[in-house]
Amino acid sequence: MADAPNLEAIQRELCSEIQTIMSLESGSVTTQTHLPSLGMDSLRFVSLLLAIEKKFGVNLMKGGLKPDDTRTVPNLAAVIAARRAQVAPRRDA
Amino acid sequence: MSFSLPYSRHRRYLTGIDWIMGAIDYGARGANGFGCHSQAILDLEGMVDEGPLRAALDQIARQFPLLRGRVARDWLNLAPYWTTPPADSLPPLPLNVVQVSSDDQAERLLDEHANARFGSESDHLRFLLVQIGQAASRLGMVFDHRLLDAFGAESLLRLIDQTARGHLDEIAPRVRQTEPAHLDHWQRRFLSGRTLNRYLIGLGKQSICALDKPRSQPRPSVRFLHDGLTAEQTADFNRRATEEIGLPIILPSAAARAIIALKQTIPIMPLAGEQLTLFTTVNTRLPGQEWEKLLFNQLSLMTFSAGASGSSSAAQIATGLRDQFVDQTRLQIPFVMEDAAALGRICPHWIGSRLMRLVNDGRLCTFYFVCLRENGYAGDCFLGQPVTNLRHKPLTFFPPGLNICMTSFAGRFNLVVSYLEGSLPDSVAGRLLKEFKAALLE
C-alpha cells in the first residue's frame, strides 16, 4: 500500500469532488466546512459516494455511514482511510 | 459540430424534463380531460386581506408575462416551445375570494378548486383565498406542472409575499425565463437515448400492479386525504431512516413505508400484477437556486420496484430501494433522461405520449410517490399573517390513478393520498393513508 493516499490527500480530493458535484467555486469547501449546511440532496450525495468508490476503491454504501461521518470532510476522509485499511489486507492476502 | 436554435426572449424551447412533462400533460388530457396540475395550499392564522394579495399578483403577472404563455411548435421542425405574450395585453391572474364559517367548508371549496380545469391554453395559475371568519385563511394556488414543479410552486408563493414587501425588483432579474435550445452533443444524447431505451424495455418486462381506469365516469375528479406527522415524529423518522439504510437520505425508507402500506391494503384493493412500482421525482436545484430556477421543471425522474407478495420488513424493502437508487445513479438514469428527452423533443407531444403508453400498456407505475424533504417557502409569514402549514393536493391521472405524497413544512411531514374517483373505494384510500402513517411511526 505504498501508493495509498494519506489523510490530507484524501481530504483534498474530497473537497474537490464536493465542489464539482455542488457546482461550487474552487476553495469554497474546506476541512472546516459543515457538510450538511451545503444542502446536498440525495441524488448528489449518492453521486459523491459513487465518486469516492471510483477514486478510492471503497464502497461506503455497503458498510453504511453514521450521521457524524458525513458532518465534515475530515470525518468522511477518516472513514475512507479506515475502510481502505480494511480492504487492503484482504487484497494482499 | 453543434447547432443551436436561435435564442429568443419570447420563446423557451421545452427540453429535457419540460418536454417529458409536456408529453405527460398531453396523455393526461387524453385520459381524463385534465392536464398535469396540482394545488399548493397555505394555511394561515388570521384574515388575509384581498387588496394586497391582488396587487402583488398583478405586479408578478406584469413582471413575468410568460406565466400567461402557451405551448406552440416550430413550423419547420415541430420543436415545442413556450411562448411569452406581450405584457400589456394580459388579463390579471385569476383570484377568487370566498368567506366560509368552517374548516370543512374551506376544504370542500379547495377540493373543487383543485379539480377545476383551466379555462384556456394560456391559463396556468389560479388562486382561491378562503377566509374562515376572522380567525384563519387558506390560500390555494393551482399550478400547471408544465410551468412549475412543486418546489417552484412553493417558491412562487414566497415570491408573492416578497412582492407585497416590495422586493420584486431585486428578485425578478435573478429568475431565468428563457434558455437556448441546446441542440448539440448529438453523440452523447444518442448514447443517453440508448441507455434510457434499455431501461424502459426492462421496466416494460415487469408485471406492474395497476389500478383499472374507472369506467363509470368519463371525467372523474380526484379525491384527497390529508394527515401529518408532528415535528418530533418527523425528526424521529428522519433519524431512523438514516440508521436503517446507513446513508443520510430518507427517500428509500419513506418509499418503503408507502409500499408496506400498499401491501397491507392490497387484499381489499383492485390491484393485479407482480411488482409494486413507484415513480418519483427528485428536485435537482442546488441550494441558493430557488429564484434562478423558479420556473419550469427542475427535476429528475426515478422508478423503484418491490414484489407485491412476500413478507419483507420495511428495513429490507428500504435497503432494496437504496440499492436501486444507487444503481440508477450509477447508470446515470436521472441524468440521461434529461439528455435523451432533449433529443426526442423534436417530435410532437402526442408522439411522446404514445411512446410512453407502449411501455407495459401505459402502466409505468403502480403509484406516484412524492417525497419533498425541503420546502421552497422558507418563511413563517404570508402578507403579515403567520403560516401554520404549507401542503399540496397533487392531482393524479390514469395511469396510475394513485398518488402518495409527503411534503415538509417547518420540520413536519404532510401526508396526502390522492386518487381518481371510482378507481378505489374511499374507505380503502382512508385505510391506505392510515397504514402509511402507522408505518412511518413504527
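Domain bounds here come from an automatic or database domain assignment. This is a predicted model, in which local features need pLDDT of at least 70 and side-chain atom pairs count only at pLDDT 80 or more, while totals for chains, interfaces and linings use all residues. Residues are numbered from 1 along each chain as its sequence is written, and chains are lettered from A and ligands numbered from 1 in the order in which they are written.

Q: What makes the domains of chain B, and where do they lie?
A: The assignment divides chain B into domain 1 (11-174) and domain 2 (186-441). Their centres, taken over C-alpha atoms, are 22 Å apart.

Q: How do you know which residues of domain 1 and domain 2 of chain B are in contact, and how many are there?
A: Two residues count as in contact if their C-beta atoms, placed from the backbone, lie within 7 Å. By that rule, 56 residues of domain 1 of chain B touch 53 residues of domain 2 of chain B. On the domain 1 side, at least two residues each come from α1 (16-32), β2, α2 (50-63), α3 (103-115) and α4 (150-164) of chain B. α1(B) has the largest share of that side, 14 residues.

Q: Why is strand β2 of chain B called largely enclosed?
A: A residue is buried if 20 or more other C-beta atoms lie within 10 Å of its own, exposed if 12 or fewer, and partly exposed in between, with C-beta atoms placed from the backbone. Seven of the nine residues of β2(B) (residues 37-45) are buried, so the rest of the structure largely encloses this strand.

Q: How do you know which strands pair with β2(B)?
A: Strands pair if DSSP finds at least two bridges between them. Nine bridges join β2(B) to β7 (residues 136-144) of chain B, in antiparallel fashion. In that pairing B:Glu45 is the bridge partner of B:Ala136. Seven bridges join β2(B) to β13 (residues 385-394) of chain B, also antiparallel; there B:Asp43 is bridged to B:Asn389.

Q: What makes a set of residues a nonpolar core, and how many residues has the largest?
A: Such a core is a set of buried Ala, Val, Leu, Ile, Met, Phe, Trp, Tyr and Cys residues joined through C-beta atoms within 7 Å. The largest has 141 residues, and B:Met141, B:Ala255, B:Ala258, B:Ile259, B:Phe369 and B:Cys371 have the most contacts inside it. Helix α8 (residues 251-265) of chain B gives the most to this core, nine residues. Domain 1 and domain 2 of chain B each supply at least three of its residues. Beyond its neighbours within four places in sequence, B:Ala255 touches B:Leu278, B:Thr280, B:Phe304, B:Leu321, B:Phe369 and B:Cys371.

Q: Why is the radius of gyration of chain B said to agree with a compact globule?
A: The radius is taken over C-alpha atoms, and the globule rule is 2.2 Å times the number of residues to the power 0.38. For 442 residues the rule gives a value near 22 Å, and chain B has 21 Å, so the two agree. The C-alpha atoms of chain B fill a box of roughly 60 × 60 × 45 Å along the principal axes. Of the 442 residues of chain B, 48% are buried; of the 93 residues of chain A, 28% are.

Q: Which parts of chain B touch chain A?
A: The contact takes 17 residues from chain B and 16 residues from chain A. On the chain B side, β9 (275-283) and α9 (314-330) give two or more residues, and α9(B) gives the most, four. By class, that side has 10 nonpolar, six polar and one charged residues.

Q: Is A:Phe45 called buried, exposed or partly exposed, and why?
A: A:Phe45 has 18 other C-beta atoms within 10 Å, so it is partly exposed. It lies in helix α2 (residues 42-56) of chain A. Leaving out neighbours within four places in sequence, A:Phe45 is in contact with A:Met40, B:Pro248 and B:Ile249.

Definitions and conventions: Ala, Val, Leu, Ile, Met, Phe, Trp, Tyr, Cys and Pro count as nonpolar, Asp, Glu, Lys and Arg as charged, and the others, Gly among them, as polar.
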